Amino acid sequence: MQDQEIRAALDRHWAASDANDFEEEHRIYREDAVLEYPQSGERIRGRQKIQASRIAQPNRKRFTVRRIVGTGDLWVTEFVLTYDERPSYSVSVMEFREGKVARETQYFGDPFEPGSSRAAWVEPMS
């Protein structure tokens, strides 16, 4: 699969994630895909289980993609995942095999107050 095809599949995946279109969102995964959340120590095996776990989430969620970078079989998406209006700055690392995601690892970082020790050198991002 060419990089342009993978990028288009990622664009469809994240748009479907934001729209809560669970069928389209999970087309990108292999049947034997593995999803890991290192911060909570969870691993989910299989596309059907990954999809079921996301359908079961009670929160209202939105996805805002900041950037997607990658080539070949390794792609990284930086995005903001907002659950019930609370943002979490997130990174998804996807490893492709035969044109589908074989493994995904997601990392989440909650917002925090800026450190006063850096105030002389920083500018607000928003």
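Biologist: Arg 30, Asp 32, Arg 97 and Glu 98 are linked in a network of salt bridges. What makes a contact a salt bridge?

Modeller: A side-chain nitrogen of Lys or Arg has to sit within 4 Å of a carboxyl oxygen of Asp or Glu. The structure holds 17 salt bridges. Keep in mind that this is a predicted model, where local features need pLDDT of at least 70, side-chain atom pairs need 80 or more, and totals for chains, interfaces and linings use all residues. Residues are numbered from 1 along each chain as its sequence is written, and side-chain values use heavy atoms, without hydrogens and water.

Biologist: Arg 43 forms a salt bridge with Glu 36, at 2.6 Å between the closest N and O atoms. Why is Glu 36 called buried?

Modeller: Buried means under 20% relative accessible area, against over 50% for exposed and in between for partly exposed (1.4 Å probe, protein chains only). Glu 36 has 17%, so Glu 36 counts as buried.

Biologist: What about Arg 54 and Glu 104?

Modeller: Their side chains form a salt bridge too, at 3.5 Å from N to O. Arg 54 belongs to helix H3 (residues 47–55) and Glu 104 to strand S6 (residues 100–109), so the pair ties together parts 50 residues apart in sequence. Both residues are buried.

Biologist: How do you know which residues line the largest pocket?

Modeller: A pocket is an open set of points on a 1 Å grid over the protein atoms alone, where a 1.4 Å probe fits, with protein on both sides within 12 Å along at least five of seven lines; lining residues have an atom within 4 Å of a point. For the largest pocket there are 14, with Tyr 89, Phe 112, Pro 114, Pro 124 and Met 125 nearest its centre.

Biologist: What makes up that lining?

Modeller: Seven nonpolar, two polar and five charged residues. Ala, Val, Leu, Ile, Met, Phe, Trp, Tyr, Cys and Pro count as nonpolar, Asp, Glu, Lys and Arg as charged, and the others, Gly among them, as polar.

Definitions and conventions: Helices (H or I, at least four residues) and strands (E, at least two) are DSSP runs, numbered from the N terminus.
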